[in-house]
Amino acid sequence: MDDFNRQQRSHKLTLNNRRTCIITGVSDVLSFDVGEILLETDQGMLMIKGSDLHVNSLTLEKGEVDIEGKMDSFTYSESVGNGKQGESFFSKLFK
């Protein structure tokens, strides 16, 4: 997705009772398991930690992800969308 279209979307995080979450402005899902989900959003990298986490739906065309489980924390860091090809997401995250 080019920078112009990326800037046209808004980033919104809607959390309901720490059990369901809908996030817009998502560019990519970098990793996920039952304890942690790492997303690239239009506002930077977003790490979600919790338990029994599941990605119910992902629509990258709309930039939307629907997550379910017990969510304990949401942590943002700077976006790494311009990282070098082949660079791991951990090295991008901790630049």
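I'm calling it a salt bridge when a side-chain nitrogen of Lys or Arg lies within 4 Å of a carboxyl oxygen of Asp or Glu. With that cut-off I searched the whole structure, which is a predicted model, and got two salt bridges.

**Salt bridges**

I looked up Asp72 and found it bridged to Arg18, with the closest N and O atoms 2.7 Å apart. This pair links distant parts of the chain: Asp72 sits in strand β6, Arg18 in the loop between β1 and β2, and 54 residues separate them. Asp72 also meets Lys70 in a salt bridge, again 2.7 Å from N to O. I therefore noted Arg18, Lys70 and Asp72 as a network of salt bridges.

**Sheet**

Next I traced the strands: six of them make an open antiparallel sheet, ordered β1-β2-β6-β5-β4-β3. β1 (12-16) and β3 are the edge strands with a single partner each, so one side of each has no neighbour in the sheet. I noted an average twist of 35° from one strand to the next. For β2 and β6 I got five antiparallel bridges; Thr20 has Glu68 in β6 as its bridge partner.

I then checked Cys21 beyond its neighbours within four places in sequence: its contacts include Leu13, Leu15, Val65, Ile67, Met71 and Phe74.

Key
Residues numbered from 1 in each chain as written. Predicted model: local features only at pLDDT ≥ 70, side-chain atom pairs only at ≥ 80, totals over all residues. Heavy atoms only, no water. Contact = heavy atoms within 4.5 Å. Pairing = 2+ DSSP bridges. Helix = DSSP H or I, 4+ residues; strand = E, 2+ residues; numbered from the N terminus. Axes fitted to C-alpha atoms, helices over the stretch in contact; angles between N-to-C directions.
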